[in-house]
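Here's a quick briefing to read with the model open in your viewer.

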Amino acid sequence: MGNITNEGLVLAFSALGAGVAMIAGVGPGIGQGIAAGQGAAAVGRNPGARGTIMSTMLLGQAVAETTGLYGLLIAFLLLYANPLIGKLPQ
Amino acid sequence: MNSGMAFAPIVLAANSGTKAASKELSIGIDGYFQYELFGQKLYFTNTHISILIVMLILVIFAVVANQVIKRADPNKAPGAFLNFVELLVESVDKLTISTMGEKHGPKFCNYIGTLFAFIFLANTSGLLGLRPPTADYGVTLSLALITFVMIHYNGFKYQKIGHITGLFKPLVLSPINIIGELATPISLSLRLFGNVMSGTLMMTLLYGLLYKPITLFWPGFLHVYFDVFSGAIQSYVFCMLTMVFVSGNFEEE
(Lines give C-alpha, C1' and ligand atoms only; values in the text may rest on other atoms or scores of the structure.)
Protein backbone atom coordinates (compact mmCIF):
# COMPACT_ATOMS: atom_id res chain seq x y z
CA MET A 1 0.00 0.00 0.00
CA GLY A 2 3.01 2.26 0.09
CA ASN A 3 3.11 3.03 -3.62
CA ILE A 4 -0.06 5.05 -4.02
CA THR A 5 0.63 8.30 -5.83
CA ASN A 6 -0.92 11.56 -4.71
CA GLU A 7 -2.85 11.80 -7.94
CA GLY A 8 -4.18 8.26 -7.60
CA LEU A 9 -5.40 9.00 -4.08
CA VAL A 10 -7.22 12.13 -5.21
CA LEU A 11 -8.81 10.27 -8.13
CA ALA A 12 -9.91 7.38 -5.93
CA PHE A 13 -11.53 9.62 -3.35
CA SER A 14 -13.13 11.73 -6.09
CA ALA A 15 -14.82 8.62 -7.46
CA LEU A 16 -15.93 7.73 -3.94
CA GLY A 17 -17.20 11.27 -3.42
CA ALA A 18 -19.17 11.14 -6.65
CA GLY A 19 -20.89 8.02 -5.40
CA VAL A 20 -21.62 9.54 -2.00
CA ALA A 21 -22.99 12.70 -3.62
CA MET A 22 -25.63 10.65 -5.39
CA ILE A 23 -27.20 9.75 -2.03
CA ALA A 24 -28.93 13.07 -2.64
CA GLY A 25 -31.17 11.14 -5.04
CA VAL A 26 -33.04 9.57 -2.10
CA GLY A 27 -34.86 12.76 -1.06
CA PRO A 28 -36.32 13.73 -4.43
CA GLY A 29 -37.41 10.12 -4.96
CA ILE A 30 -39.44 10.15 -1.75
CA GLY A 31 -40.78 13.63 -2.45
CA GLN A 32 -41.82 12.86 -6.01
CA GLY A 33 -43.47 9.66 -4.86
CA ILE A 34 -45.49 11.51 -2.23
CA ALA A 35 -46.51 14.14 -4.79
CA ALA A 36 -47.57 11.47 -7.30
CA GLY A 37 -49.53 9.60 -4.64
CA GLN A 38 -51.35 12.72 -3.51
CA GLY A 39 -52.02 13.58 -7.16
CA ALA A 40 -53.55 10.17 -7.77
CA ALA A 41 -55.71 10.56 -4.66
CA ALA A 42 -56.82 14.00 -5.82
CA VAL A 43 -57.78 12.69 -9.27
CA GLY A 44 -59.73 9.90 -7.59
CA ARG A 45 -61.65 12.41 -5.48
CA ASN A 46 -62.23 14.94 -8.25
CA PRO A 47 -61.75 13.46 -11.75
CA GLY A 48 -62.94 16.69 -13.38
CA ALA A 49 -59.86 18.63 -12.29
CA ARG A 50 -57.45 16.15 -13.87
CA GLY A 51 -55.58 18.67 -16.03
CA THR A 52 -54.97 21.16 -13.24
CA ILE A 53 -53.88 18.43 -10.83
CA MET A 54 -51.47 16.99 -13.39
CA SER A 55 -49.79 20.33 -14.10
CA THR A 56 -49.53 21.23 -10.42
CA MET A 57 -48.10 17.80 -9.63
CA LEU A 58 -45.49 18.02 -12.40
CA LEU A 59 -44.47 21.51 -11.28
CA GLY A 60 -44.06 20.40 -7.67
CA GLN A 61 -42.12 17.32 -8.71
CA ALA A 62 -39.77 19.41 -10.85
CA VAL A 63 -39.06 21.74 -7.94
CA ALA A 64 -38.48 18.79 -5.62
CA GLU A 65 -36.08 17.32 -8.15
CA THR A 66 -33.73 20.30 -7.90
CA THR A 67 -31.94 19.16 -4.74
CA GLY A 68 -31.21 15.79 -6.31
CA LEU A 69 -29.82 17.54 -9.36
CA TYR A 70 -27.42 19.52 -7.20
CA GLY A 71 -25.97 16.23 -5.98
CA LEU A 72 -25.81 14.99 -9.57
CA LEU A 73 -23.90 18.11 -10.60
CA ILE A 74 -21.38 17.58 -7.81
CA ALA A 75 -20.91 14.01 -9.04
CA PHE A 76 -20.43 15.21 -12.64
CA LEU A 77 -17.91 17.81 -11.52
CA LEU A 78 -15.92 15.27 -9.56
CA LEU A 79 -15.92 12.78 -12.43
CA TYR A 80 -15.35 14.93 -15.50
CA ALA A 81 -14.04 18.34 -14.45
CA ASN A 82 -12.24 17.49 -11.24
CA PRO A 83 -11.26 20.71 -9.44
CA LEU A 84 -9.14 18.86 -6.84
CA ILE A 85 -6.48 17.51 -9.22
CA GLY A 86 -5.28 21.03 -9.93
CA LYS A 87 -4.65 21.66 -6.24
CA LEU A 88 -1.97 19.00 -5.91
CA PRO A 89 1.52 20.33 -5.14
CA GLN A 90 3.53 19.94 -8.33
CA MET B 1 -9.74 18.45 -30.09
CA ASN B 2 -10.37 19.84 -26.66
CA SER B 3 -12.86 18.07 -24.47
CA GLY B 4 -14.18 19.87 -21.45
CA MET B 5 -17.15 19.57 -19.17
CA ALA B 6 -20.27 21.60 -19.58
CA PHE B 7 -18.93 24.81 -18.10
CA ALA B 8 -17.48 26.08 -21.36
CA PRO B 9 -15.42 28.06 -22.03
CA ILE B 10 -13.86 28.40 -18.58
CA VAL B 11 -13.35 24.71 -17.86
CA LEU B 12 -12.69 24.10 -21.51
CA ALA B 13 -9.63 26.32 -21.42
CA ALA B 14 -8.46 24.87 -18.11
CA ASN B 15 -8.84 21.26 -19.23
CA SER B 16 -7.40 21.60 -22.69
CA GLY B 17 -4.37 19.53 -21.74
CA THR B 18 -6.26 16.51 -20.41
CA LYS B 19 -7.52 13.75 -22.63
CA ALA B 20 -10.93 12.14 -22.24
CA ALA B 21 -10.88 8.59 -20.92
CA SER B 22 -11.93 7.18 -24.26
CA LYS B 23 -11.41 8.75 -27.66
CA GLU B 24 -14.79 7.64 -28.99
CA LEU B 25 -16.80 8.91 -26.03
CA SER B 26 -17.19 12.65 -26.19
CA ILE B 27 -19.26 13.61 -23.17
CA GLY B 28 -18.28 17.21 -22.80
CA ILE B 29 -18.28 20.17 -25.11
CA ASP B 30 -15.87 19.95 -28.00
CA GLY B 31 -14.21 23.13 -29.21
CA TYR B 32 -13.62 23.05 -32.95
CA PHE B 33 -11.59 26.17 -33.48
CA GLN B 34 -10.28 28.88 -31.24
CA TYR B 35 -10.53 32.62 -31.72
CA GLU B 36 -9.71 35.66 -29.63
CA LEU B 37 -12.18 38.35 -28.71
CA PHE B 38 -11.17 41.27 -26.44
CA GLY B 39 -8.17 39.27 -25.25
CA GLN B 40 -10.29 36.23 -24.25
CA LYS B 41 -9.67 32.79 -25.71
CA LEU B 42 -13.00 31.54 -27.02
CA TYR B 43 -14.02 28.39 -28.84
CA PHE B 44 -16.56 27.63 -31.52
CA THR B 45 -18.14 24.57 -29.89
CA ASN B 46 -20.68 21.95 -30.84
CA THR B 47 -23.20 23.87 -28.73
CA HIS B 48 -23.05 26.68 -31.28
CA ILE B 49 -23.60 24.24 -34.12
CA SER B 50 -26.61 22.63 -32.42
CA ILE B 51 -28.09 26.04 -31.60
CA LEU B 52 -27.68 27.16 -35.20
CA ILE B 53 -29.42 24.00 -36.45
CA VAL B 54 -32.26 24.44 -33.94
CA MET B 55 -32.62 28.08 -34.96
CA LEU B 56 -32.64 27.09 -38.62
CA ILE B 57 -35.47 24.60 -38.01
CA LEU B 58 -37.47 27.22 -36.08
CA VAL B 59 -36.94 29.90 -38.74
CA ILE B 60 -37.93 27.57 -41.59
CA PHE B 61 -41.02 26.49 -39.65
CA ALA B 62 -41.95 30.13 -38.97
CA VAL B 63 -41.49 31.21 -42.61
CA VAL B 64 -43.50 28.25 -43.93
CA ALA B 65 -46.26 28.84 -41.36
CA ASN B 66 -46.34 32.53 -42.26
CA GLN B 67 -46.71 31.79 -45.97
CA VAL B 68 -49.42 29.18 -45.35
CA ILE B 69 -51.37 31.58 -43.13
CA LYS B 70 -51.12 34.38 -45.68
CA ARG B 71 -52.41 32.21 -48.51
CA ALA B 72 -55.16 30.54 -46.46
CA ASP B 73 -58.64 30.90 -47.85
CA PRO B 74 -61.01 31.96 -45.04
CA ASN B 75 -63.97 30.41 -46.82
CA LYS B 76 -62.51 26.91 -46.82
CA ALA B 77 -61.66 24.56 -43.99
CA PRO B 78 -57.95 24.86 -42.99
CA GLY B 79 -55.55 22.16 -44.12
CA ALA B 80 -53.62 19.77 -41.90
CA PHE B 81 -50.57 21.99 -41.45
CA LEU B 82 -52.60 25.10 -40.70
CA ASN B 83 -54.67 23.13 -38.19
CA PHE B 84 -51.49 22.00 -36.47
CA VAL B 85 -50.13 25.56 -36.23
CA GLU B 86 -53.45 26.80 -34.88
CA LEU B 87 -53.47 24.03 -32.30
CA LEU B 88 -49.97 24.99 -31.12
CA VAL B 89 -50.73 28.71 -30.88
CA GLU B 90 -54.06 28.18 -29.18
CA SER B 91 -52.71 25.79 -26.58
CA VAL B 92 -49.83 28.15 -25.70
CA ASP B 93 -52.25 31.08 -25.47
CA LYS B 94 -54.64 29.10 -23.28
CA LEU B 95 -51.85 27.95 -20.94
CA THR B 96 -50.38 31.45 -20.60
CA ILE B 97 -53.70 33.17 -19.98
CA SER B 98 -54.87 30.55 -17.48
CA THR B 99 -51.61 30.91 -15.51
CA MET B 100 -50.99 34.65 -15.69
CA GLY B 101 -54.55 35.93 -15.72
CA GLU B 102 -56.85 37.56 -18.26
CA LYS B 103 -55.34 41.01 -17.82
CA HIS B 104 -51.59 40.43 -18.16
CA GLY B 105 -51.50 37.01 -19.84
CA PRO B 106 -51.86 38.04 -23.53
CA LYS B 107 -48.72 40.20 -23.37
CA PHE B 108 -46.53 37.20 -22.55
CA CYS B 109 -47.96 34.64 -25.02
CA ASN B 110 -45.32 35.42 -27.65
CA TYR B 111 -42.36 35.08 -25.34
CA ILE B 112 -43.61 31.91 -23.66
CA GLY B 113 -44.39 30.32 -27.03
CA THR B 114 -40.92 31.12 -28.36
CA LEU B 115 -39.27 29.90 -25.16
CA PHE B 116 -41.22 26.65 -25.22
CA ALA B 117 -40.47 26.01 -28.90
CA PHE B 118 -36.76 26.69 -28.45
CA ILE B 119 -36.28 24.62 -25.30
CA PHE B 120 -38.35 21.73 -26.61
CA LEU B 121 -36.46 21.58 -29.89
CA ALA B 122 -33.15 22.01 -28.10
CA ASN B 123 -33.94 19.16 -25.67
CA THR B 124 -35.10 16.80 -28.40
CA SER B 125 -32.20 17.62 -30.73
CA GLY B 126 -30.48 14.53 -29.31
CA LEU B 127 -32.76 12.61 -31.68
CA LEU B 128 -30.95 14.24 -34.60
CA GLY B 129 -27.60 13.09 -33.28
CA LEU B 130 -26.66 16.52 -31.96
CA ARG B 131 -25.45 17.37 -28.51
CA PRO B 132 -28.44 19.20 -26.95
CA PRO B 133 -27.61 22.92 -26.58
CA THR B 134 -29.39 22.94 -23.21
CA ALA B 135 -26.72 20.52 -21.90
CA ASP B 136 -24.42 23.56 -21.87
CA TYR B 137 -24.65 25.67 -18.74
CA GLY B 138 -24.08 28.86 -20.74
CA VAL B 139 -27.36 28.38 -22.61
CA THR B 140 -29.56 27.59 -19.63
CA LEU B 141 -28.06 30.38 -17.53
CA SER B 142 -28.79 32.88 -20.28
CA LEU B 143 -32.39 31.69 -20.48
CA ALA B 144 -32.75 31.93 -16.71
CA LEU B 145 -31.22 35.43 -16.66
CA ILE B 146 -33.84 36.58 -19.18
CA THR B 147 -36.48 35.30 -16.74
CA PHE B 148 -34.70 37.08 -13.87
CA VAL B 149 -34.75 40.40 -15.75
CA MET B 150 -38.41 39.89 -16.62
CA ILE B 151 -39.32 39.19 -12.99
CA HIS B 152 -37.71 42.38 -11.71
CA TYR B 153 -38.75 44.58 -14.64
CA ASN B 154 -42.36 43.63 -14.02
CA GLY B 155 -41.87 43.94 -10.27
CA PHE B 156 -40.74 47.55 -10.59
CA LYS B 157 -43.39 48.26 -13.20
CA TYR B 158 -46.37 47.11 -11.14
CA GLN B 159 -45.24 47.59 -7.54
CA LYS B 160 -42.91 50.59 -8.00
CA ILE B 161 -40.73 51.02 -4.92
CA GLY B 162 -42.76 48.40 -3.05
CA HIS B 163 -40.77 45.80 -4.93
CA ILE B 164 -37.68 46.79 -2.90
CA THR B 165 -39.37 47.48 0.42
CA GLY B 166 -41.25 44.19 0.18
CA LEU B 167 -37.93 42.40 0.68
CA PHE B 168 -37.52 44.03 4.10
CA LYS B 169 -41.07 43.52 5.33
CA PRO B 170 -40.16 41.37 8.31
CA LEU B 171 -36.71 42.90 8.83
CA VAL B 172 -35.37 39.71 10.40
CA LEU B 173 -36.10 37.68 7.27
CA SER B 174 -34.56 40.12 4.80
CA PRO B 175 -31.36 38.10 4.16
CA ILE B 176 -33.44 35.02 3.37
CA ASN B 177 -35.66 37.02 1.02
CA ILE B 178 -32.68 38.48 -0.85
CA ILE B 179 -30.94 35.12 -1.18
CA GLY B 180 -34.22 33.59 -2.32
CA GLU B 181 -34.54 36.19 -5.08
CA LEU B 182 -30.95 35.62 -6.22
CA ALA B 183 -31.33 31.82 -6.12
CA THR B 184 -34.22 31.86 -8.57
CA PRO B 185 -32.19 32.02 -11.82
CA ILE B 186 -29.59 29.61 -10.45
CA SER B 187 -32.09 26.91 -9.56
CA LEU B 188 -34.01 27.47 -12.81
CA SER B 189 -30.91 27.08 -14.95
CA LEU B 190 -29.43 24.17 -12.99
CA ARG B 191 -32.70 22.24 -13.15
CA LEU B 192 -32.84 22.35 -16.94
CA PHE B 193 -29.10 21.81 -17.31
CA GLY B 194 -28.94 18.86 -14.90
CA ASN B 195 -31.86 17.03 -16.47
CA VAL B 196 -30.68 17.36 -20.05
CA MET B 197 -27.04 16.75 -19.14
CA SER B 198 -27.81 13.54 -17.25
CA GLY B 199 -29.86 12.25 -20.18
CA THR B 200 -27.10 13.10 -22.64
CA LEU B 201 -24.47 11.49 -20.45
CA MET B 202 -26.42 8.27 -20.04
CA MET B 203 -27.13 8.01 -23.76
CA THR B 204 -23.48 8.65 -24.62
CA LEU B 205 -22.30 6.03 -22.14
CA LEU B 206 -24.78 3.49 -23.51
CA TYR B 207 -23.70 4.10 -27.08
CA GLY B 208 -20.07 3.77 -26.10
CA LEU B 209 -20.36 0.69 -23.90
CA LEU B 210 -22.67 -1.57 -25.87
CA TYR B 211 -21.69 -3.60 -28.90
CA LYS B 212 -22.33 -1.90 -32.20
CA PRO B 213 -25.18 -4.18 -33.41
CA ILE B 214 -27.09 -3.68 -30.15
CA THR B 215 -26.86 0.11 -30.38
CA LEU B 216 -28.81 -0.02 -33.64
CA PHE B 217 -32.12 -0.74 -31.90
CA TRP B 218 -31.96 -0.84 -28.10
CA PRO B 219 -31.20 2.82 -27.20
CA GLY B 220 -34.21 3.90 -29.25
CA PHE B 221 -36.46 3.09 -26.31
CA LEU B 222 -34.31 5.18 -24.02
CA HIS B 223 -34.35 8.09 -26.45
CA VAL B 224 -38.12 8.18 -25.99
CA TYR B 225 -37.67 8.71 -22.26
CA PHE B 226 -34.54 10.83 -22.02
CA ASP B 227 -35.04 13.03 -25.05
CA VAL B 228 -38.75 13.25 -25.75
CA PHE B 229 -40.47 12.71 -22.39
CA SER B 230 -37.91 14.37 -20.15
CA GLY B 231 -37.33 17.16 -22.67
CA ALA B 232 -41.03 17.94 -22.96
CA ILE B 233 -41.52 17.89 -19.18
CA GLN B 234 -38.53 20.14 -18.57
CA SER B 235 -39.48 22.70 -21.22
CA TYR B 236 -43.00 22.79 -19.80
CA VAL B 237 -41.63 23.23 -16.30
CA PHE B 238 -39.26 26.03 -17.34
CA CYS B 239 -42.07 27.97 -19.06
CA MET B 240 -44.47 27.30 -16.17
CA LEU B 241 -42.00 28.51 -13.54
CA THR B 242 -41.20 31.61 -15.62
CA MET B 243 -44.89 32.43 -15.77
CA VAL B 244 -45.46 31.76 -12.06
CA PHE B 245 -42.48 33.91 -10.98
CA VAL B 246 -43.35 36.79 -13.31
CA SER B 247 -47.03 36.81 -12.40
CA GLY B 248 -46.17 36.77 -8.70
CA ASN B 249 -45.31 40.47 -9.02
CA PHE B 250 -48.55 41.61 -10.62
CA GLU B 251 -50.61 42.11 -7.48
CA GLU B 252 -50.60 45.65 -6.22
CA GLU B 253 -49.74 45.71 -2.55
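This is a predicted model: local features need pLDDT of at least 70, side-chain atom pairs count only at pLDDT 80 or more; totals for chains, interfaces and linings use all residues.

Chain B has nine helices and three strands, and helix α5(B) turns up in two of the packing pairs below, against α9(B) and against α7(B).

**Chain B at a glance**

- Going along the sequence, the elements of chain B come in the order β-α-β-β-α-α-α-α-α-α-α-α.
- Of the 253 residues in chain B, 31% are buried.
- If you take the chain B contacts with a separation of 6 or more, 67% of them link residues 24 or more positions apart.

**What UniProt marks on chain B**

- An unreviewed UniProt entry puts "transmembrane region" at residues 46–66, 108–131, 137–155, 192–210 and 222–246 of chain B.
- In the model, residues 108–131 of chain B are 71% helix and 0% strand, with 30 Å between the end C-alpha atoms.
- Residues 192–210 of chain B come out at 95% helix and 0% strand, and their end C-alpha atoms are 27 Å apart.

**α5(B) against α9(B)**

- How are two packed helices described? By the angle between their axes and the distance between the axes.
- For α5 (residues 137–159) and α9 (residues 219–247) of chain B, the angle is about 20° and the axes are 8 Å apart.
- Angles under 35 degrees count as roughly parallel, and α5(B) and α9(B) are therefore roughly parallel to each other.
- The α5(B)/α9(B) crossing is right-handed.
- On the α5(B) side the contact uses Thr147(B), Met150(B), Ile151(B) and Asn154(B), while α9(B) brings Thr242(B), Phe245(B) and Val246(B).
- By class, the α5(B)–α9(B) contact has four nonpolar residues, three polar ones and no charged ones.

**α5(B) against α7(B)**

- The axes of α5(B) and α7 (residues 174–209) of chain B come within 8 Å, crossing at roughly 140°.
- This crossing of α5(B) and α7(B) is right-handed.
- From α5(B), the residues in contact are Tyr137(B), Thr140(B), Leu141(B), Leu143(B), Ala144(B), Leu145(B), Thr147(B) and Phe148(B).
- They meet Thr184(B), Pro185(B), Leu188(B), Ser189(B), Leu192(B) and Phe193(B) of α7(B).

- Lys160(B) isn't a glycine, yet it has a positive phi of about 50°.
- Lys160(B) sits in the loop between α5 and α6 (162–165) of chain B.
- Is Lys160(B) buried or exposed? Lys160(B) is exposed, because it has 12 other C-beta atoms within 10 Å and the cut-off for exposed is 12 or fewer.
- Glu86(B) belongs to helix α3 (residues 80–100) of chain B.
- With 13 other C-beta atoms within 10 Å, Glu86(B) is partly exposed.
- Glu86(B) and Ile69(B) are 17 residues apart in sequence, and their C-alpha atoms are 9.8 Å apart in space.

**Chain A**

- UniProt, again in an unreviewed entry, annotates residues 16–78 of chain A as "domain: V-ATPase proteolipid subunit C-like".
- Residues 16–78 of chain A are 87% helix and 0% strand, and the end C-alpha atoms lie 9 Å apart.
- The record also lists "transmembrane region" at residues 57–81 of chain A, a span that is 96% helix and 0% strand with its end C-alpha atoms 34 Å apart.
- The contact includes Gln32(A) and Ala35(A) from α2(A) and Gln61(A) and Glu65(A) from α3(A).
- Across the α2(A)–α3(A) contact there are eight nonpolar, eight polar and two charged residues.

**Gln61(A)**

- Gln61(A) lies in helix α3 (residues 50–80) of chain A.
- Gln61(A) counts as partly exposed, with 19 C-beta neighbours inside 10 Å.
- Which residues does Gln61(A) contact, leaving aside its neighbours within four places in sequence? They are Gln32(A) and Ala35(A).
- Gln61(A) and Gln32(A) are 29 residues apart in sequence but 5.2 Å apart in space, C-alpha to C-alpha.

Conventions: Residues are numbered from 1 along each chain as its sequence is written. Chains are lettered from A and ligands numbered from 1 in the order in which they are written. Axes are lines fitted to C-alpha atoms, for helices over the stretch in contact, and angles run from 0 to 180 degrees between N-to-C directions. Helices (H or I, at least four residues) and strands (E, at least two) are DSSP runs, numbered from the N terminus. Angles under 35 degrees count as roughly parallel, over 145 as roughly antiparallel, 65 to 115 as roughly perpendicular and the rest as oblique. A crossing is left-handed if the near helix is turned anticlockwise from the far one by less than a right angle, and right-handed if clockwise. Two residues are in contact if their C-beta atoms, placed from the backbone, lie within 7 Å. Ala, Val, Leu, Ile, Met, Phe, Trp, Tyr, Cys and Pro count as nonpolar, Asp, Glu, Lys and Arg as charged, and the others, Gly among them, as polar. UniProt positions are given in the numbering used here, feature names are shortened, and annotations may be inferred rather than shown by experiment. A residue is buried if 20 or more other C-beta atoms lie within 10 Å of its own, exposed if 12 or fewer, and partly exposed in between; C-beta atoms are placed from the backbone.
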